[in-house]
Amino acid sequence: MIEFDLGYFKKVAEDIFRCDSPTGYTKNVIDLIKNYIDSFGYESRILHNGALEVFIKGEDSSKVVATSAHCDTLGLMVRSIKSNGKLALTALGGPITPTLDGEYCVIYTRDGRKYTGTILSTSPAAHVYKDANSKSRNIDELEVRLDEKVFSKEDVEKLGIQNGDIVCYDTKFMITDSGFLKTRFIDDKASVVILLMLLKYTSDHHLKFKHDTKIYFVVYEEVGHGASMVDKNISEFVTLDMGCVGLDLAGNEYAVSICAKDSGGPYDYELTTRLINLAKENGLTYTVDIFPFYGSDIGAASRAGVDFKGALIGSGVSASHGMERTHIKGIENTLKLIYAYLVK
Ligand SMILES: [Zn+2]
């Protein structure tokens, strides 16, 4: 069984989590991932929509199996520039917007400039606004205060900022001594790191994959159509994405969640059962769950007309799409399950 290399995990996680990659602005993170893949000696290509496809010849070529993680995250875009020099926002994907109040952010202009700012409520000062506490924090009541001397829309335009510019908020990445990965965008960058750890291990140890295998680093998952571009010839597809935690769900931050059903309906019965059995046989900590408000790349590939068996596994993530957290144990259990499925 694959060993979990904590030092390597920390290094790769820091690299991947520090690279801003909101959905629609993923070139930098894909280039970063491709560098890792190249260094492991695996063949890969960047697809037209920006995703990365890795191809690995397996011991058996009678079928092609696939796995994926999505490297696009939630984020924001400039909706308009206000007459007072603040930036109105639109969301990329579905962040819990009240958690954004007070976050530091970076604005990326299309001509390559970068500016910093802070996301604030439109009633941001306790000494001035009666509703500073009670005002809704939905996206229309949040705005960016730029760290530039600007008083008008024209001042902002002179900086090269325009509608449609990308706004990224601070991930606050950290790994605690108690083993928690505490950062935004564990969904789904933890899975990106897991796949890189898997490929480093199989490359270092010259291990063979069971079947011909395609590994996708998907973009546009957060807006629903991520894995619509996967190879039509795949017959099985186990995607790695976050496990849900809360209410009556069994999932937790220390286990690999195996999803039986999400908003799009049930996952493949036989493949899901096979993954449960693999988790059992390998002594992994796992849970089987229903994800109530959830869609995944399995749904995207199915809707694109691919004929395959689909399943979903992933480490349990607390406070998803808000201030997320998981534990290294959950990541380790997920790594071991995808290893058992693909390699041995
Ligand atoms: Zn996700």
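Mentor: In this predicted model, an open sheet is formed by 3 strands in the order β10-β11-β19, and their pairing is antiparallel. The edges are taken by β10 (174–175) and β19 (325–327); each has a single partner strand, so one side of each is left without a neighbour in the sheet. Between β10 and β11 the antiparallel pairing extends over 2 bridges, and within it methionine 174 stands opposite lysine 182 of β11. A helix accompanies the sheet: α7 (residues 328–342) lies across β11 and β19 and runs at about 65° to β19.

Let us now follow the chain onward from β11. The loop between β11 (180–182) and α4 holds phenylalanine 185. This residue has a phi near 70°, a positive value in a residue other than glycine. Most residues other than glycine have a negative phi, and most peptide bonds are trans. Phenylalanine 185 is classed as buried because 25 other C-beta atoms lie within 10 Å, where the cut-off for a buried residue is 20 or more. The peptide bond from aspartate 187 to aspartate 188 is cis, with omega near 10°. Aspartate 188 belongs to helix α4 (residues 186–204).

A positive phi also occurs at leucine 247, which is not a glycine and has a value of about 45°. Leucine 247 is placed in the loop between β14 (243–244) and β15 (256–262). With 6 other C-beta atoms within 10 Å, leucine 247 is exposed, whereas phenylalanine 185 is buried.

The largest nonpolar core has 94 residues, of which Val193, Ile194, Phe217, Ile313 and Ile338 touch the most other members. Helix α4 supplies the largest share of this core, 10 residues. Both domain 1 (6–73 + 184–342) and domain 2 (75–169) give residues to the core, so it lies between them.

Leaving aside its neighbours within four places in sequence, isoleucine 313 is in contact with Val238, Leu240, Val256, Ser257, Ile258, Leu275, Thr334, Leu337 and Ile338.

Notes:
Residues are numbered from 1 along each chain as its sequence is written. This is a predicted model: local features need pLDDT of at least 70, side-chain atom pairs count only at pLDDT 80 or more; totals for chains, interfaces and linings use all residues. Helices (H or I, at least four residues) and strands (E, at least two) are DSSP runs, numbered from the N terminus. A residue is buried if 20 or more other C-beta atoms lie within 10 Å of its own, exposed if 12 or fewer, and partly exposed in between; C-beta atoms are placed from the backbone. A nonpolar core is a set of buried Ala, Val, Leu, Ile, Met, Phe, Trp, Tyr and Cys residues joined through C-beta atoms within 7 Å. Domain bounds come from an automatic or database domain assignment. Two residues are in contact if their C-beta atoms, placed from the backbone, lie within 7 Å. Two strands pair if DSSP finds at least two bridges between them. Axes are lines fitted to C-alpha atoms, for helices over the stretch in contact, and angles run from 0 to 180 degrees between N-to-C directions.
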